[in-house]
Amino acid sequence: MNTSSTIRGLAALALAALASCASYGDKTEDALAAFRRGDVDEAVQEYQDACDSAFLRGAETGTVLMAAGRWSEARGAFEAAQGAVDELEAKALVSVSDLSASLASWALNDTSLPYQGEGFERVYLHACMALCYLAEGSLQDVFVEARLTNRLLETEEELYEREYAAGGLGHFLSAITYELLGEKDEAYIDYRRMADKGVGTELAGPALVRLARDLGRGDDLPLWEARFGAVTSPPRNAASVVVIAGVGLAPYKEEQGLALQTPDGLLSVVAPKLQRRGQPVGNVRLVANGTATLRTARIEEIHDVAEENLDDRLLKIATKSIARSVAKRELTKSLSDDHGILGRVAGDLFTAISERADLRFWQTLPDSWQAGRLFLEPGTHDLRLDAGPAGSADLGSFDLQPGETMFVIARTVDLQLFAHAV
């Protein structure tokens, strides 16, 4: 092959790589902007158009629809995302398509592979489906998804030999559902797991004290009271309102890397890093009859979980980037030997353009999951949800029966508040 055709071929590869260089954040900028200003339909359409990953397309649109209280549509989107993951996992370990994708990831960059979601993202996918089922009143399906949430998390922890500060949402949903069904022993187990992990203890602690009394667990009660205080139990016939809120926006990924010019060509090593967004809302507050209030407590910090998970994968990411860069440097050296300065420039340019970190991320997730429970006397109550700078929402007037539990599912995004009484 002559010099000009070689350079043209490499230039074509470089241009192809350049065409795919726009980051996920760049491609979905308009979609996220629509969500941040509260335009749900526009955000859904933009994500459907911009996402080339079936997992992210379903996850992003599902989160937006869930914020709007469109539960069945949201669940359908989440199921589509899960279906994309199931299909990829069900493929044979070695096939022509998988081999091609793997080779592309080593030759170009990690974005050449289909995005299946990180392990913690697949955990939250099931948690979101559980929330949708809760809103629809399908309690058995809440159990299924909450259990999957916790099992997948345990798998991630076993894989990386680390206990993540996660699982609060899954265990809380499971515990609350057990309480609705009158299975206090099972609820007690979930609350205890939250306490053992140190997630959502502001909620789990009082619940453990209350349930230890109800269940006659005299050996446990002094331990819980010493740790969480002698919490006053609500009256036997009390009604309650449970608030579950996603607050803020999840972090985003940026590229970090090192470029080193060597005698044989450019070496470029890249990896993603997480950047936390500013969060104007710290928590939300439920107001009953203008006086009785609760503030939500954090049961899961998504930024912390994502950062721990990324730390566990950084060595593998950097190793692949180094291996790719070394291979590209060998190509540059060969081009330089055969075609002189033009070959060297073409090889270095190809390396610089093609070595890119994978910045894909489920960006519509909240920054934190929060929850709270307010016990009230049976009767009619006017309820309002306040979110500080994001405003407030009058939920309405509700006649709560003895022992009844109602839910408020909420989401804040910048200065937008979405709130739904279930």
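Trainee: What share of the 422 residues of the chain counts as buried?

Mentor: In this predicted model, 49% of the 422 residues count as buried. A residue is put in that class if its relative accessible area is under 20%. The chain as a whole exposes about 18400 Å², and carbon and sulfur atoms supply 52% of that area.

Trainee: What does the secondary structure of the chain come to?

Mentor: The chain has 14 helices and 11 strands. Among contacts with a separation of 6 or more, 71% are between residues 24 or more positions apart.

Trainee: Why is T412 called buried?

Mentor: T412 has a relative accessible area of 1%. The cut-off is under 20%, so T412 is buried. T412 lies in strand β10.

Trainee: Which residues is T412 in contact with, leaving aside its neighbours within four places in sequence?

Mentor: T412 is in contact with G246, V247, G248, V281, V284, A387 and L417. For G248 there is a further detail: its backbone nitrogen lies 3.0 Å from a polar atom of the T412 side chain. The limit for a polar contact is 3.5 Å, and 3.0 Å is within that limit.

Trainee: What makes the pair R360 and D358 a polar contact?

Mentor: The side chains of R360 and D358 are joined at 2.9 Å. The limit is 3.5 Å, and 2.9 Å is within it.

Trainee: What is noted about the phi of N289?

Mentor: N289 has a positive phi of about 60 degrees although it is not a glycine. Most residues other than glycine have a negative phi. D414 is another residue other than glycine with a positive phi, near 55 degrees. D414 lies in the loop between β10 (405-413) and β11 (416-421).

Trainee: How do you know that the length of helix α12 agrees with its number of residues?

Mentor: Helix α12 has 14 residues, 201-214, and at 1.5 Å a residue should span 20 Å. The end C-alpha atoms of α12 are 19 Å apart, which agrees. After α12 comes G216, whose phi is positive, near 70 degrees.

Trainee: Which elements do the buried residues of α12 pack against?

Mentor: They pack against α10 (168-180), α11 (184-197), α13 (221-228), β6 (297-301) and β7 (368-376). Among the buried residues of α12 are L203, L208, V209 and R210.

Trainee: What makes β5 and β9 edge strands?

Mentor: The open sheet has four strands in the order β5-β4-β8-β9, with antiparallel pairing. β5 and β9 each have a single partner strand, so one side of each is left without a neighbour in the sheet. The twist in this sheet averages 20 degrees from one strand to the next.

Trainee: How do you know that β8 pairs with β4 and with β9?

Mentor: Two strands pair if there are at least two bridges between them. β4 (residues 285-288) and β8 (residues 379-386) have four bridges, and β8 and β9 (residues 392-400) have eight. Both counts meet the requirement. V287 has R384 in β8 as its bridge partner. In β9, L400 stands opposite G379, and G396 stands opposite L383. β8 and β9 form a hairpin with five residues between them, and G388 in the turn has a positive phi of about 55 degrees.

Trainee: Which strands form the sheet with mixed pairing, and in what order?

Mentor: Five strands form this open sheet, in the order β6-β7-β1-β10-β11. β6 and β11 are the edge strands, since each pairs on one side only. Here too a twist is given, averaging 20 degrees from one strand to the next. Within the sheet, β10 and β11 run antiparallel and are joined by six bridges. One of the paired positions is A410, with A419 in β11 as its bridge partner.

Methods:
Residues are numbered from 1 along each chain as its sequence is written. This is a predicted model: local features need pLDDT of at least 70, side-chain atom pairs count only at pLDDT 80 or more; totals for chains, interfaces and linings use all residues. Side-chain values use heavy atoms; hydrogens and water are left out. Helices (H or I, at least four residues) and strands (E, at least two) are DSSP runs, numbered from the N terminus. The expected span of a helix is 1.5 Å times one less than its number of residues. Buried means under 20% relative accessible area, exposed over 50%, partly exposed in between (1.4 Å probe, protein chains only). Contact means heavy atoms within 4.5 Å. Accessible areas come from the Shrake-Rupley method with a 1.4 Å probe; for residues, only the protein chains shown count as cover. A polar contact is a pair of N or O atoms within 3.5 Å; within protein, one must be able to donate a hydrogen and the other to accept it, and residues adjacent in sequence count only if both atoms are side-chain atoms. Axes are lines fitted to C-alpha atoms, for helices over the stretch in contact, and angles run from 0 to 180 degrees between N-to-C directions.
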